[in-house]
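The reader may wish to keep the structure in view throughout.

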Amino acid sequence: MKTIIAGREVDTRHFIGNERISSPQTFPAHSAITEKELGTVARGTQTEVDMAVAAAKAAFPAWAALGAQGRLPYLERLAHLIESRVEDLAAVETMNNGSLLEASRLRVMKRGAHNIHFFAQMALEMGKCWDTEAAKNAVNQVSYDPAGVTALITPWNAPFMLSTWKVGPALAAGNTVVLKPAEWTPFTASLLADMALEAGLPAGVFNVVQGFGAEAGAALVAHKDVKRISFTGSVPTAKKIASSAAQNLTPVSFELGGKSPFIVFADCDLELALFNALDQYDNCGQVCLSGTRLLVEDSIYDQFLSEFKSRAANLIQGDPREAKTVVGPLVTRTHLDRVDGFVQRAKQAGATLEFGGQVSPTLGGLYYQPTLFSHVPDGAEILSSEVFGPVLTIQKFSSEAELLALANNTEYGLAAMLFTKDQAKATRISSQLVAGTVWQNCFYVRDLSAPFGGSKQSGIGREGGHWSFDFYCDIKNTMHRKGTFY
Ligand code: ADP
């Protein structure tokens, strides 16, 4: 079972124990660009999940025993293979979910390779020895023991990047993996499986089960032999996974939605703030980190709004394969209907539509226009619910206290961006924002050694740097006495 996407061959079966496995049933996956079917994909159920977990469990002892040094050559080979196939990965992913081809080729897919490389290298440094102060002549050793089979569940907005973000540390730590990609975007995970095979990963170390969340995903997270669950997706799904994981006390790492504030102070570099504000439409707004609530200081509100409107009018929306495009389509018709539902309800609630609010009349398809609402009544759904589309709101504030009340008035706490030239103010405000990541005078800058995750309903735990190993490992403290025993 294979399909051709953007001229590249993609196997649409599962990958279990280094073999391609079919299922009796299949499901179709589509292109965001054409809305046409790209291929039929094996539909995993409990049976395939059981097979994959069994393969991963069997492969675990030998993979763990290799140690970080022993695993390094495999993972470096995998990272190099990803680098060598950046063009294929970008082409396939763009055709599938409509993300911008240039960004994918130049940054996103390379970051995929870096995710593998970075954590493979970092694993070499995990585990420390130090002299214990409390007990003289004793040495404390902390070891990061791999946990076992990990279940990695990824979303459709950045499928390959987010898969490698989990696969990298999970494998580097000595675990084995069962990856369940989102059903709307199954293809690049399959290319990753091809590369895992080519890199020589032993059978069962890396497995992919395709299928629906409520079927394959649910079976995977409920499996008693799964020792870690890392999930990126929506809050309602996270709650289902958490309740399933609770039955086995399986530790979870969740990165969920956001409703992040994008804060603009009057003393900011206005050009910089406007440039970054427009960036919130990146990936047609299908970015959990997006600063979807523009909060602007009242003295520059009118100027900011008028500048923002004129620049947004010049955003080029179109085919994501074209280099000039900056806003592509939404992922599927189902999702478009969801996004449009939020927009219609915001209008009904009395919000002022500054621009957008519909599918592009010239492009049609899934090309939902960049949209902005102002004068949104307090309590309107659009101020609190994650849309996951190109829909922003703008509000004004006149004091730091008012700003903080607005900024933190959400169930989410994933990210915040703030723009001011006053560093003392930036520090003061940042310390009071509830968010996993605060970007001061920038956006999207990521350092893999830094923690990443969300507060409140935006997640549980942090990944990145040693936080990834804290999650993917069973951390052991061994204390041994130096010298004689009496
Ligand atoms: P969305 O609603 O935007 O599709 P989800 O959070 O439902 O986002 O999906 C993210 C990932 O979670 C996908 O891979 C999906 O298949 C998976 N998923 C959905 N429901 C479940 C579930 N009950 N158990 C495990 N995984 C699930």
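This is a predicted model: local features need pLDDT of at least 70, side-chain atom pairs count only at pLDDT 80 or more; totals for chains, interfaces and linings use all residues.

The lining of the largest cavity takes at least two residues from each of two strands, β19 (412-413) and β20 (415-419). The structure holds four cavities of 30 Å³ or more, and the largest cavity has a volume of about 70 Å³. Its lining consists of 15 residues, and those closest to the centre of the cavity are P261, A407, Y412, A415 and V434. By class, the lining of the largest cavity comprises nine nonpolar, four polar and two charged residues.

The largest pocket contains about 1100 Å³ of space. Its lining is made up of 39 residues, with A103, R107, V108, D282 and Y444 nearest the centre of the pocket. Three helices, α4 (101-123), α5 (159-172) and α9 (270-278), each contribute at least two residues to the lining of the largest pocket. The largest share of that lining comes from α4, which supplies eight residues. At the level of domains, at least three residues of the lining of the largest pocket come from each of domain 1 (2-256 + 458-478) and domain 2 (261-440).

The second largest pocket has a volume of about 920 Å³. Among the 35 residues that line the second largest pocket, W156, F231, G233, S234 and T237 are the closest to its centre. At least two lining residues of the second largest pocket come from each of α7 (213-221), β12 (226-232), α8 (235-248) and α11 (333-348). The largest share, six residues, is provided by α8. The lining of the second largest pocket contains 18 nonpolar, 11 polar and six charged residues.

R85 is located in the loop between α2 (67-84) and α3 (86-97). Leaving aside residues up to four places away in sequence, R85 is in contact with L191, D194 and M195.

The cysteines complete the account. The structure holds zero disulfides. C442, accordingly, is in no disulfide, and the nearest cysteine sulfur, that of C268, is 14 Å away. For comparison, a disulfide would require a pair of cysteine sulfur atoms within 2.5 Å. With a relative accessibility of 22%, C442 counts as partly exposed, because this class covers values between the 20% limit for buried residues and the 50% limit for exposed ones. C473, at 4% relative accessibility, counts as buried.

Definitions and conventions. Residues are numbered from 1 along each chain as its sequence is written. Side-chain values use heavy atoms; hydrogens and water are left out. On a 1 Å grid over the protein atoms alone, a cavity is a set of points where a 1.4 Å probe fits but cannot get out, and a pocket is an open set with protein on both sides within 12 Å along at least five of seven lines; lining residues have an atom within 4 Å of a point. Grid points are joined across faces, edges and corners, and a volume is the space filled by probe spheres set on the points. Helices (H or I, at least four residues) and strands (E, at least two) are DSSP runs, numbered from the N terminus. Ala, Val, Leu, Ile, Met, Phe, Trp, Tyr, Cys and Pro count as nonpolar, Asp, Glu, Lys and Arg as charged, and the others, Gly among them, as polar. Domain bounds come from an automatic or database domain assignment. Contact means heavy atoms within 4.5 Å. Buried means under 20% relative accessible area, exposed over 50%, partly exposed in between (1.4 Å probe, protein chains only).
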